[in-house]
Amino acid sequence: MLVVDLLLALAALATAGQCLLLPGLFRAIANLMAFGLVMALIWVRLDAPDVALAEAAIGAGITGALLLTVAGQLPASQHSLQSIGSGLSRRTLAISVLVLFITGLLWIAVVSLPKPGLVNEVTAVLADSGAEHAVTAILLNLRGMDTLLEVAVMLCAVAAIWSLQKAIPPPPLNNHYPGLPTLARWLHPLFLLTFSYFLWQGAHAPGGAFPAGAVLGAGGVLLLLTGSIAWMHQHAYNLLLRWLLAAGLLFFLATALSGFLITGTLYGLPPRFASYFIIAIEVATALSIALMLMTFYLFGRPGTRQ
Amino acid sequence: MSLLFTDIALTSDALFALLGALLVAMSLVSVFTARHLIRRLLAVNILSSAVFLLLVLTARTADGIDPIPHALVLTGIVVSVSTTAVVLALYLRRYRREPPC
Amino acid sequence: MRELLGTGLILLGLPFFIASTLGLLRFPDVYARLHALTKADNVGLGLICIGLAVQASSIAVALKIVLIWGLILLASSTGATLIASSALRHGPAPRRDDEDTHAGR
């Protein structure tokens with residue numbers, strides 16, 4: 001299997017190199033998306049299927065869609081990415097030598113790093129955590145505070161984007177592209193099915209809130225692209241949208257507080273009811289991740305009165 | 001020094017560690033030298049992927065797969081797409097082509 | 001027996017992928033490249049998916065693999081239509097027959 005790994009590593013290097021070194025904005029973005037897919041395969045090889053699922057949906061899908069949409073909105077003068085080697089100065093050379101030196105050190109450090117790990121500690125408390133799958137247990141119970149802060153970071157990002165400008169409506173679709181709305185309509189039940197499947201599976205196998213939210217968000221971005229979610233742009237629904245965006249974080253905070261009231265520690269879930277808490281948080285987190293990924297795609301504040 | 005290198009056998013882990021280190025190097029050079037802001041953003045994205053790769057490698061312990069780095073990386077992926085979205089919105093505010101009316 | 005059949009189908013699918021990749025790299029314009037990609041890749045992918053489904057451990061896994069094939073057919077045909085119609089509107093015009101004598105790069 002070393003041959004497969006070698007091929008994967010070479011593919012990752014090639015796509016990353018083309019993304020960073022060659023001229024052309026579109027080519028760079030396409031290479032980044034290919035790089036994301038190769039990384040998803042590498043995660044599978046490294047026994048990280050949860051990460052692979054999220055990377056395939058977010059790293060290759062949503063990031064690529066965001067970048068391509070922005071590229072489409074830019075004037076032609078912004079499309080000329082110079083190749084880096086074109087201005088090979090003494091400064092670039094010095095930086096390269098320094099960075100290569102750091103690379104060598106980093107490689108030696110990573111390979112010779114002691115890896116204590118917390119496998120046994122996690123396995124010991126897994127039974128009380130409410131989820132059989134260790135990654136889900138860590139995300140939603142053991143280290144739930146991290147996930148809470150991560151949802152807060154996403155909400156801050158949405159707030160930052162909304163404060164910048166008005167939402168940029170998707171380009172009007174006309175009859176020249178007949179297949180796209182149909183595809184979005186046909187695929188949406190499957191997106192919902194995959195979302196529910198990941199949520200259900202997350203308790204005992206790779207899946208859970210993050211891949212589920214990413215898949216639903218990707219499907220939502222497809223619907224936004226085809227203009228199928230008109231309500232998000234309407235002023236009347238703006239307040240509802242704000243509440244929905246905040247709902248995941250609020251629910252998370254409520255759970256943390258109720259854990260504090262019941263057990264005395266913030267976010268301490270009582271083992272007897274932990275599984276119910278986890279399912280509720282999982283659904284809320286996945287839905288709010290999906291909705292926030294979709295609002296990223298608006299690049300601004302929707303629903304402003306004209 | 002030779003004692004350090006004897007630890008590095010040619011395994012998949014060592015290979016991916018080398019890949020991660022090389023990706024860190026390439027994207028760092030790009031972050032520092034690229035003129036186009038989007039190129040820097042792409043470089044930051046690749047840099048974060050490389051860091052995730054190094055993190056997941058530390059999860060492969062002698063006792064089995066440590067799930068904590070996996071959870072960290074999942075959180076990190078979502079945070080990195082949030083950063084990308086904010087940067088792109090800032091970039092659009094500055095450089096967006098006026099829509100043809 | 002199942003393993004042999006599966007391996008045979010996968011091996012049968014590989015030449016289609018090689019041919020379509022060659023077409024992607026060597027064909028002169030976007031329309032011909034799309035033609036190479038969408039036609040040959042779908043057959044190759046179908047053969048490989050059937051080959052994998054034959055070897056699958058259970059019916060559910062086999063159905064999932066076949067579902068993947070169907071989804072990719074749907075996505076790649078729509079994507080090819082979008083790329084082609086977008087190229088027709090904004091990109092270069094398709095090459096005509098009389099230009100083919102100068103084919104190659």
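Here are some questions and answers about this predicted model.

User: What share of the residues of chain A counts as buried?
Analyst: The C-alpha atoms of chain A fill a box of roughly 65 × 60 × 35 Å along the principal axes. A residue needs 20 or more other C-beta atoms within 10 Å of its own to be called buried. Of the 306 residues in chain A, the share that counts as buried is 41%.

User: Among contacts in chain A between residues at least 6 apart in sequence, what percentage joins residues at least 24 apart?
Analyst: Good one! Contact here asks for C-beta atoms within 7 Å. Taking the pairs at least 6 apart in chain A, the part joining residues at least 24 apart is 75%.

User: At what angle do the axes of H9(A) and H11(A) cross?
Analyst: Two packed helices are described by the distance between their axes and the angle between them. Helix H9 of chain A spans residues 209-225 and helix H11 of chain A spans 274-296, with axes that come within 7 Å. The crossing of H9(A) past H11(A) is right-handed, and its angle is roughly 35 degrees.

User: How many nonpolar residues does the contact of H9(A) with H11(A) have?
Analyst: On the H9(A) side, the residues include Gly213(A), Gly217(A), Gly220(A) and Leu224(A), while H11(A) brings Ala286(A), Ile289(A) and Leu293(A), among others. Gly counts as polar in this classification, whereas Leu, Ala and Ile count as nonpolar. By class, the contact has one charged residue, four polar and, for the nonpolar ones, 12.

User: Which element gives the most to the side of chain B that touches chain A?
Analyst: The contact takes 78 residues from chain A and 66 from chain B. Helix H2 (12-33), helix H3 (37-58), strand S2 (64-65) and helix H4 (67-95) of chain B each supply at least two residues to that side. By class, the chain B side divides into 43 nonpolar, 15 polar and eight charged residues. With 22 residues, the element that gives the most is H4(B).

User: How far apart do the end C-alpha atoms of residues 68-88 of chain C lie?
Analyst: The unreviewed UniProt entry annotates residues 43-63 and 68-88 of chain C as "transmembrane region". For residues 43-63 of chain C, the span is 86% helix and its end C-alpha atoms are 18 Å apart. Residues 68-88 of chain C are 100% helix, and their end C-alpha atoms lie apart by 30 Å.

Technical notes:
Residues numbered from 1 in each chain as written. Chains lettered and ligands numbered in written order. Predicted model: local features only at pLDDT ≥ 70, side-chain atom pairs only at ≥ 80, totals over all residues. Buried ≥ 20, exposed ≤ 12 C-beta atoms within 10 Å, placed from the backbone. Contact = placed C-beta atoms within 7 Å. UniProt positions renumbered as here; feature names shortened; annotations may be inferred. Helix = DSSP H or I, 4+ residues; strand = E, 2+ residues; numbered from the N terminus. Axes fitted to C-alpha atoms, helices over the stretch in contact; angles between N-to-C directions. Left-handed = near helix turned anticlockwise from the far one by under 90°.
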